[in-house]
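Visitor: I've never looked at this one before. Could you walk me through it?

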Amino acid sequence: MNARTILSQPSESSLKQGQLDVGAFVSSRKYEIQQLSASMRKSKAIQKQQTFQVVPRSLRRRAASHHVRFLPPRFREQAQQEYKDSGIQLKPKKRRRITRLHLRRDTALKLKYFARQRKAYHCNRKRSTYPVGINELATKVIMERKFKRRQKDKTWLPTHLWHAKRAHMIKKWGYVIPSHPNEKCFRRTHRASQNGSGIVFDTSYYATMILQGNHDSVLNIVNIISRGKACGKTYLLGDRAFEGPVYNVYRSTAGEGSVESAFGEAVIYFEPTTDLEGSLANKSRRALIRVHPAAFDDTWKMLMSLVKTTREQELNSDPDIELQDCRFSIGSIDIFGPKSLTVIGHNLRLNVEKDVTVLGAWSMATLEGDPKLIPLGAVFPLKFFDPRTISTPSRDRKLFDSEHRGALNHTMVCKGLNDFARNLGSRTPSPLLTTEGRSIRVEHAKIAHGRLKQRRAANSKAVDATKGNQIRLKLESLVFNDDVSIPAVMIRRASGGISLLLPWQWVAIFFKKLVLPAYTMCGGLQQYHQILSERMLPYFPDDYPGTSAGQVEEREKMTQREKEWKSRPRSKKVIYDALDLRNGEKKGEVGNPFACDWSYLLHADARGEHDPSKELSDLNEPWMITNLAGILSERNKLRKELNLLTAVFTVQIIMIGRGAPRPGARIYAIPVRDRSKWMKLKWNRKVVPESSEYPVCPKSAFLIGFITSGGFNLKEGKGSGIASLSWAKVEQNGGFNYRYCVVRDVGESIGRLALYKPL
């Protein structure tokens, strides 16, 4: 063949003088077109998902693709048909050979089971009261007697058996707490807390204490630990619950007469009263104080010291004042999400003694109620039926017709909440604060199921649909004389969620009722931390380095990070001693690479050099500033009273460009001579770190703080975090008016431009 000959496809009959004859072309290519269509149909059929592939992630099991009995019941018939069409024969379950020994053993097991059921039926298996310590620590509770040995050095939550099968459990603060669900849920947590129905947490590990005594004595102690912030009129009336820092009155930041340092967050709720102007000095009053378990020891010691002082003082002494340890008698459930009120209203039923007005207002408030419509700290003392004796409404249940539902707006929801609070009487004392009110025996499941059958028989659907427009509950057929009434206290939290305080023995029953519907999910400590980080709120104790609990948490994380780093091979880890920041300083990471090194920061000189002989002690360890604006306005006056050299304050970090800061990242102040270079990155995003125009990271002398919580914020769509900055270092490097900074992750030489906002 001649090499100069160009190979080409010969012209066909469909091409005539360079023009395409469509009819002739289609007829000539008819076979190819038919084969292509058939292939597309076969590919679509082949790519069709099998039944086990469409099962929701929360219901998937590892062996679901091998046998239909591992699938949920509603999918089994379809899966069996698919196996039959594909020619797969299901192997029947092997049956063991039944012998006389097997029969005797099975009979003995059945007799033991029936004996336990009969005993639990006549005398309830669960106790009606749990230990309460009066002026002493309460005895640790044992949740399940047959697992007593497993709870020797730790305490199980009421929902431990439920969580242990679905989440990773960790031992922390003396409890076994769910850390995170077994399935992936980072994006799902964001959706549930921002746009979904809700995410439910068992927060019974929070420590609850009740301070009881004369009104003046209780008020004086609360005034001391909150520095007067929890003693407003709305708090004393019981309409609102205070949520904020509590202060250690026995710790001095700069000697005698100085301002006390906060050591944790607390929720303080006074027992409601209708009259503050009358004579309350000699009347008994209760105040519920709820703190994180990491700060419980410090809070308990301080309160007991104040109680002892109140008893022994010569003037206005109160010998009857007491402090009750209710850690194992009052539990709680936290719910986050825009439909938290709806979840509570649809799955729980109020016991309002046939009061149609209160029930109507509650239904209106929980129909489309967003927790954001409730004022911060609002408190509602409630009473619920046993959730096991009430039918759970379906997911698509509509309490109102489409026209009424379309006309519903925020104004109507707020009106429903106001009517509910007024008719229910928010200033009515809750029985939850008394030992007798919490002592409600949990009936056996068979008794509760029998009561549910009676309720269904009285009214199968619990509705009156004769009009067809509006569904009304038949209270006369729903309420029985022997129905139990479980006390609860609902609090609107500053974090955007709702806390439901309940008797300890009823927490598991309420939790299962709220979390089992398909539109809610459960979470652990990591999910709680994620929600607060997305909302730019600090998480205790991780974001409180100025407290003893925060320092203990940081030391534990430092040990864990160092252990993980040492377990990696040299080729798979960053060599921190060889890190070159390219800023003219010697190689190596600034401070301890595994922690937020406050010892390095607070004792570094103006050149950034650290004296190893100076370590943190009780007198020079960091302490928290909770009122930054107030101290800024009077800093010259307070400079002599406060030890501002070791003071730290909390800020929000918002990344300007790319980058997601990790915990432990270093925060630098921008030198005055380099501010123009860094500000160019704000407008010119094309400058990449590899280019020569990108500014180098500032020197260690400009280090001002550390990131305590950080990552990619799905709500903001960019990196963000919570950080703590040193007062002295910020004042030394530009002051508080310039809010731009540089954030550098540990082990990296590139800094990122960011903006900080004080909380």
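Guide: Let's start inside: about 100 Å³ of space lies in the largest cavity. A cavity is a set of points on a 1 Å grid over the protein atoms alone where a 1.4 Å probe fits but cannot get out, and lining residues have an atom within 4 Å of a point. Grid points are joined across faces, edges and corners, and a volume is the space filled by probe spheres set on the points. Mind that this is a predicted model, where local features need pLDDT of at least 70, side-chain atom pairs count only at pLDDT 80 or more, and totals for chains, interfaces and linings use all residues. Residues are numbered from 1 along each chain as its sequence is written, and side-chain values use heavy atoms, with hydrogens and water left out.

Visitor: Which element gives the largest share of the lining of the largest cavity?

Guide: That lining has 15 residues, with Asp542, Glu554, Lys557, Cys596 and Thr708 nearest the cavity's centre. Two elements, with helices (H or I, at least four residues) and strands (E, at least two) taken as DSSP runs numbered from the N terminus, each supply at least two lining residues: strand 21 and helix 19 (548-567). The largest share, 5 residues, comes from helix 19.

Visitor: How many residues lining the second largest cavity are charged?

Guide: About 70 Å³ of space lies in that cavity, and its lining includes Arg675, Asn733 and Tyr738. Asp, Glu, Lys and Arg count as charged, Ala, Val, Leu, Ile, Met, Phe, Trp, Tyr, Cys and Pro as nonpolar, and the others, Gly among them, as polar. The lining divides into 7 nonpolar, 3 polar and, for charged, 1.

Visitor: Why is helix 18 largely enclosed by the rest of the structure?

Guide: Buried means under 20% relative accessible area, exposed over 50%, and partly exposed in between (1.4 Å probe, protein chains only). Tyr528, His529 and Gln530 are among the buried residues of helix 18, and the buried ones pack against elements including helix 6 (186-194) and strand 13 (330-336). Helix 18 (residues 525-534) is largely enclosed because the number of its 10 residues that are buried is 8.

Visitor: Is Pro622 buried or exposed?

Guide: Look in the loop between helix 20 (598-602) and strand 18 (623-624). Pro622 sits 104 residues from Ser726 in sequence, yet 8.6 Å from Ser726 in space, C-alpha to C-alpha. With 1% relative accessibility, Pro622 counts as buried.

Terms used: Contact = heavy atoms within 4.5 Å. 1 Å grid on protein atoms, 1.4 Å probe; cavity = no way out; pocket = protein on both sides within 12 Å on 5 of 7 lines; lining within 4 Å.
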